[in-house]
Structure formats: C-alpha cells, structure tokens
Amino acid sequence: MLFDQYGQYVTIAIALYCIVCGAKTLLTGRATNAEEMKIKNFSAKGQKKFRLVSAVSNLVAGILLTVTSVWRLLNPEMNPTVFKLILLGAVIVLIVVYIVNWQSCKKEK
C-alpha cells in the first residue's frame, strides 16, 4: 500500500540520482569513489569502457524510470502491476548490463 501511494516519488528520486551520477561520470570522466576503487586493477582501456557503459546505462535507466513514474502520476488509472513490471524489468536489465560490462572490462587487456 505504501508503494502504491509513494512509489512513484521514490522511483523519481532514484531515477534522478541515476541521471545525475551518469551525467557526472560522462562530464568528469570519473566514476564514484567506490567504483574507482573496484576498477583500479582494470587496464586503462577497460576502465574507460566501464565508465562509459556505466554512465550511459545510468542515464538510460534514469530517463526510463522518470518517464514511467511521471506517466503513472499523470495517469492514475494505470494498472499498478504494469508499473511494477516496468520497474522490475529496468532493474533486471541494469543488473545484467553491469555484470556483463564488469566481466568484459575485467578481461580486457
């Protein structure tokens, strides 16, 4: 019930955070400190690729989640199950992209 009332606002906040992190990474060329520590053993090419894919996936996911949440706010008759499935799909795609990106950049020389 709480998610049905305030889920869109929480999702918009998370999506905006993703957009800000993605834009920051693209503009500065540096990921967050935690990510930088994790990728320090990658080759320079692997680090650059990881940062780029991470930034782009953050931007795309943030935009998708923002649009979906705003659409849900403007269309209250929208089925909550559809909204939850879209959010779940976006999270699953983000996790898969992160894992594939991590593995490919880790092996890159």
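This is a predicted model: local features need pLDDT of at least 70, side-chain atom pairs count only at pLDDT 80 or more; totals for chains, interfaces and linings use all residues.
Local features are reported at pLDDT of at least 70 and side-chain atom pairs at pLDDT 80 or more, whereas totals for chains, interfaces and linings use all residues. Residues are numbered from 1 along each chain as its sequence is written, and side-chain values use heavy atoms, with hydrogens and water left out.

A search of the whole structure gave 2 salt bridges, a salt bridge being a side-chain nitrogen of Lys or Arg within 4 Å of a carboxyl oxygen of Asp or Glu. In one of them, the side chains of Arg 51 and Glu 36 meet with an N to O separation of 2.7 Å. This pair links distant parts of the chain, with Arg 51 in helix α3 and Glu 36 in helix α2 (residues 33–38), 15 residues apart; helices are DSSP runs (H or I, at least four residues) numbered from the N terminus. Both Arg 51 and Glu 36 are buried, where buried means under 20% relative accessible area, exposed over 50%, and partly exposed in between (1.4 Å probe, protein chains only). Glu 36 also forms a salt bridge with Arg 30, with 3.3 Å between the closest N and O atoms. The relative accessibility of Glu 36 is 9%, while Arg 30 is partly exposed at 46%. Through shared partners, Arg 30, Glu 36 and Arg 51 are joined into one network.

On the surface, Tyr 6, Tyr 9, Val 10, Ile 14 and Leu 73 form a nonpolar patch with about 490 Å² of accessible area together. Such a patch joins nonpolar side chains (Val, Leu, Ile, Met, Phe, Trp, Tyr) within 5 Å, from residues with over 30% relative accessible area and no salt bridge; areas come from the Shrake-Rupley method with a 1.4 Å probe. Helix α1 (residues 2–28) gives the most to this patch, with 4 residues. Val 10 lies in helix α1 and is partly exposed, at 48% relative accessible area.

The largest pocket holds about 280 Å³ of space. A pocket is an open set of points on a 1 Å grid where a 1.4 Å probe fits, with protein on both sides within 12 Å along at least five of seven lines, and lining residues have an atom within 4 Å of a point. Of its 15 lining residues, Glu 35, Ser 54, Ser 57, Asn 58 and Tyr 98 lie nearest the centre. The largest share of the lining, 5 residues, comes from α4.

Asn 79 is found in the loop between α3 and α4 and is partly exposed, at 42% relative accessibility.

Terms used:
Patches are made of residues with over 30% relative accessible area and no salt bridge: like charges are joined within 9 Å, nonpolar side chains (Val, Leu, Ile, Met, Phe, Trp, Tyr) within 5 Å. Helices (H or I, at least four residues) and strands (E, at least two) are DSSP runs, numbered from the N terminus. Grid points are joined across faces, edges and corners, and a volume is the space filled by probe spheres set on the points.
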